[in-house]
Amino acid sequence: MKRLNLQEQKWAIRSDRSVYQTPIFDLHEVEAGPESGDETGRFYVLNAPEWINVLPLTPDREVILVEQYRHGIEEVTLEIPGGMVDEGEIPEEAAKRELLEETGYSSGSWHLLGKASSNPAILNNFTHLYLAENCRITTRQSTDEFEQISIHLVPIHDFLEMVRNGSIHHAIVLAAVAHYLNRK
């Protein structure tokens, strides 16, 4: 495969100040411009922790999906388990924790599929994408106070059809699917 020669555009950050803080992200106002010039623009960046997503498969090749309400689009979605990497935690530990908390399933077979920049236009973090095979239920769900998660087991071919027909549309889930399909 031929490698693309990307233009190296160096930018300089002239100022960076925190505008608003939440438990999930900090909003920063950044003034930046091309390193070679004096022009600057104002940009807004969400500083967020790393995230993880897990494509969990049972021994019967069923995908463990979570159904939950998403406030951003004001809809219930079907997704793979995921969440934030806690401070001091490595992404694979977070993936194991989130799978167990959200679904009650665990796995002894973990593979890093890759990582995706969650939304590089406004977010500074990455999502680490994992495949967990031979998942088995080992405990009860242990969700946060406002997480109402229902679990669905869907055969992998049905799951991929749900991706194709748009029933599953979360962008980071789609990134995990792309990495999974490239792995095969």
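Leu-65 stands opposite His-152 in strand β12, where strands (E, at least two residues) and helices (H or I, at least four residues) are DSSP runs numbered from the N terminus. The structure is a predicted model, in which local features need pLDDT of at least 70 and side-chain atom pairs count only at pLDDT 80 or more, whereas totals for chains, interfaces and linings use all residues. Residues are numbered from 1 along each chain as its sequence is written, and side-chain values use heavy atoms, with hydrogens and water left out.

Strand β5 (residues 62-70) is joined to β12 by 6 bridges, and the two run antiparallel; pairing of two strands requires that DSSP find at least two bridges between them. Axes are lines fitted to C-alpha atoms, for helices over the stretch in contact, and angles run from 0 to 180 degrees between N-to-C directions; contact denotes heavy atoms within 4.5 Å.

Arg-61, in the loop between β4 (51-56) and β5, has a phi near 60 degrees. Glu-74, in the loop between β5 and β6, has a phi near 55 degrees. Most residues other than glycine have a negative phi. Arg-61 counts as partly exposed because its relative accessibility is 35%, while Glu-74, at 60%, counts as exposed; the classes are buried under 20% relative accessible area, exposed over 50% and partly exposed in between (1.4 Å probe, protein chains only).

In strand β4, Asn-53 is buried, with a relative accessible area of 7%. Beyond its neighbours within four places in sequence, the contacts of Asn-53 include Ile-172, Val-173 and Tyr-130.

The structure holds 2 aromatic pairs. Rings of Phe, Tyr and Trp (its six-membered ring) pair if their centres lie within 6.5 Å, and planes under 30 degrees apart count as stacked, over 60 as edge-to-face and the rest as tilted. Trp-11 and Phe-43 are edge-to-face, at 5.9 Å centre to centre and 75 degrees between the planes. This pair links strand β1 (residues 11-21) to strand β3 (residues 41-47), its members being 32 residues apart. Trp-11 is partly exposed at 45% relative accessible area, as is Phe-43 at 38%. The ring centres of Trp-110 and Tyr-130 are 6.2 Å apart with planes at 75 degrees, so this pair is edge-to-face. Trp-110 in β9 and Tyr-130 in β10 are 20 residues apart, and both are buried.
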